[in-house]
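Please read it with the sequence and the coordinates at hand.

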Amino acid sequence: MAQKKNKKARAKTRAATKKSVRKVMKLMSTKKSSGNGLPKISNKPYGQDGKALTGVRILDFTHVQSGPTCTQLLAWFGADVIKVERPGVGDITRGQLVDVKGADSLYFTMLNHNKRSITIDSKHPQGMRVLEALVKSCDVLVENFAPGALDRMGLTWERVHKLNPRMIVASVKGFGPGPYEDCKVYENVAQCAGGAASTTGFREGPPLVTGAQIGDSGTGLHLALGIVSALYQRRRTGRGQKVLCAMQDGVLNLARVKLRDQQRLKAGPLTEYSQYGEGVPFGASVPRSGNDSGGGQPGWILKCKGWENDPDAYIYFITQAPVWGAICDLIGEPTWKTDPEYATPKARLPKLKAIFRRIEDWTMTMTKFEVMEACNAVDIPVGPILSMKEIAEEPSLRKTGTVVEVDHPTRGKYLSVGNPIKMSDSISEVKRSPLLGEHTDEILKDVLGFKANEIAEIKNSGALSAPKKEEKAA
Ligand code: CAO
């Protein structure tokens with residue numbers, strides 16, 4: 001009796017899901033909608049008519065950081081993200097940099113919010129049966145395996161496309177086609193190969209990588225844009241496509257101003273680099289520019305009160321031309337406003353180092369926040385160097401949901417970064433990351449529609465668990 005009831009309930013859920021997917025598809029179909037090919041304007045209050053990606057289902061075959069960043073964003077925008085993980089182990093980051101024994105690491109939890117987890121051994125025939133069912137019922141497959149790994153599993157583009165011609169297959173790889181395409185790549189490899197490291201750091205020192213994960217999270221962001229664009233194109237063409245983001249390309253895109261400067265070198269020295277003012281000749285490649293600003297407004301990091309003991313008591317100070325007069329007044333050098341040696345940006349270029357030293361004499365008399373207050377009052381752009389401690393405690397970031405506190409059943413409360421992209425009609429809630437395989441059963445039943453005896457057969461085969469467990473049909 002209970003079994004019959006369950007069966008009925010599942011059939012009802014499946015029918016409801018199919019109905020709501022049909023509704024979304026109908027709305028997405030330009031032919032059937034009204035006006036300019038758009039549906040009627042919703043009369044529901046903003047933030048209460050679903051989310052941007054409601055109705056989109058993602059087969060999330062990502063691991064470590066680059067891919068998970070991408071699928072986490074899609075999940076925040078309302079996509080149903082089903083993370084496929086290797087039985088028993090899961091995403092390797094679950095167990096990396098562990099701070100709470102026995103709990104998923106912050107590395108994992110902070111990159112996998114709002115997702116569901118299913119464990120599948122993709123190399124097991126029954127595992128492939130489940131994966132193929134997922135391919136048929138999802139809109140996008142996202143993966144960032146080493147080159148060739150997906151093909152070796154049997155999920156070549158041709159196979160996926162045959163199973164589901166509407167499927168978008170989105171990949172992060174270290175390099176695009178070329179001499180390095182078969183290489184495995186991590187964050188810092190990409191920062192180096194994408195041109196960022198050679199242009200970061202001080203001229204006298206070695207290349208430097210940055211703490212911002214421009215290779216991993218940066219490429220994940222690029223991939224997310226590729227995916228939503230492909231979903232948009234699919235509304236017109238009806239078919240899926242491959243989306244590839246190479247980490248080298250993503251980093252280079254973010255370092256594009258340095259390729260700009262590489263070409264400017266032909267026209268003479270880069271006058272806004274402090275090296276020019278110091279009389280140091282330029283070589284054949286863009287040099288490391290320390291804390292020089294990357295644009296036409298010179299800037300530098302200056303000490304503030306307390307710098308001797310606080311490694312973050314510094315401020316980024318920009319000598320923007322239109323507020324030069326205000327800077328001179330603030331630092332007590334009013335004659336610099338009219339002195340031809342200082343009055344124009346061109347005259348100042350060769351002596352920027354000395355000018356910043358003079359400004360620093362002033363900034364050192366105040367805390368970074370006092371400097372910020374004094375400068376902002378007269379529109380001088382400055383940036384306090386905020387430590388991660390200060391960011392974690394900043395009330396305004398908590399208020400906007402950029403820093404959020406999340407509760408987790410095994411690790412307790414922790415801080416995370418919420419969705420940095422704020423939308424007025426698609427409001428993100430941050431939900432904790434899934435436990436390994438937490439949603440295996442509900443995905444098999446409710447998403448894929450497997451019957452109890454089929455689920456038992458799949459489970460008994462060992463394709464979803466490690467070590468192998470015997471289970472009987474319910
Ligand atoms: N069931 C069975 N096998 C699975 C599986 C599952 N659910 N999920 C993964 N595997 C297998 C893969 O099929 C692969 O097996 P083969 O090599 O036999 O084909 C194996 O696990 C390892 O996958 P991998 O090579 O991707 O993993 P790795 O740890 O050796 O390499 C990384 C990691 C990140 C270097 C590599 O995946 C890569 O270069 N990815 C592309 C670039 C990228 O995203 N880098 C950023 C990582 S974040 O810093």
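1. Basis of the note. This is a predicted model, in which local features need pLDDT of at least 70 and side-chain atom pairs count only at pLDDT 80 or more, while totals for chains, interfaces and linings use all residues. Residues are numbered from 1 along each chain as its sequence is written, and side-chain values use heavy atoms, with hydrogens and water left out.

2. Overall form. The protein has 19 helices and eleven strands (DSSP runs numbered from the N terminus: helices are H or I with at least four residues, strands E with at least two). Along the principal axes, its C-alpha atoms fill a box of roughly 90 × 55 × 50 Å. Of the 474 residues, 41% are buried (under 20% relative accessible area, with a 1.4 Å probe and protein chains only). Among contacts (heavy atoms within 4.5 Å) between residues at least 6 apart in sequence, 66% join residues at least 24 apart.

3. Helix α4. This helix covers residues 125-137, and its 13 residues should span 18 Å at 1.5 Å a residue (1.5 Å times one less than the number of residues). The end C-alpha atoms are 19 Å apart, which agrees. Its buried residues include Met128, Val130, Leu131 and Leu134; Glu132 is also one of them.

4. Asparagine 419. This residue is found in the loop between β11 (412-417) and α18 (440-447). Asparagine 419 is buried because its relative accessible area is 4%. Its side chain makes a polar contact with the side chain of serine 428 at 2.9 Å (a pair of N or O atoms within 3.5 Å; within protein, one must be able to donate a hydrogen and the other to accept it, and residues adjacent in sequence count only if both atoms are side-chain atoms). The side chain of asparagine 419 also reaches the backbone nitrogen of isoleucine 421 at 2.9 Å. Beyond neighbours within four places in sequence, its contacts are Leu73, Trp76, Phe77, Gly401 and Ser428.

5. Ligand site. The ligand is surrounded by 24 residues (those with a heavy atom within 4 Å of it), and the closest are Arg86, Arg152, Lys184, Val185 and Asp216. Helix α5 (residues 149-153) gives the most to this shell, with three residues. Polar side-chain atoms lie 2.6 Å from a ligand oxygen atom in aspartate 216 and 2.9 Å from one in serine 66.

Definitions and conventions: Buried means under 20% relative accessible area, exposed over 50%, partly exposed in between (1.4 Å probe, protein chains only).
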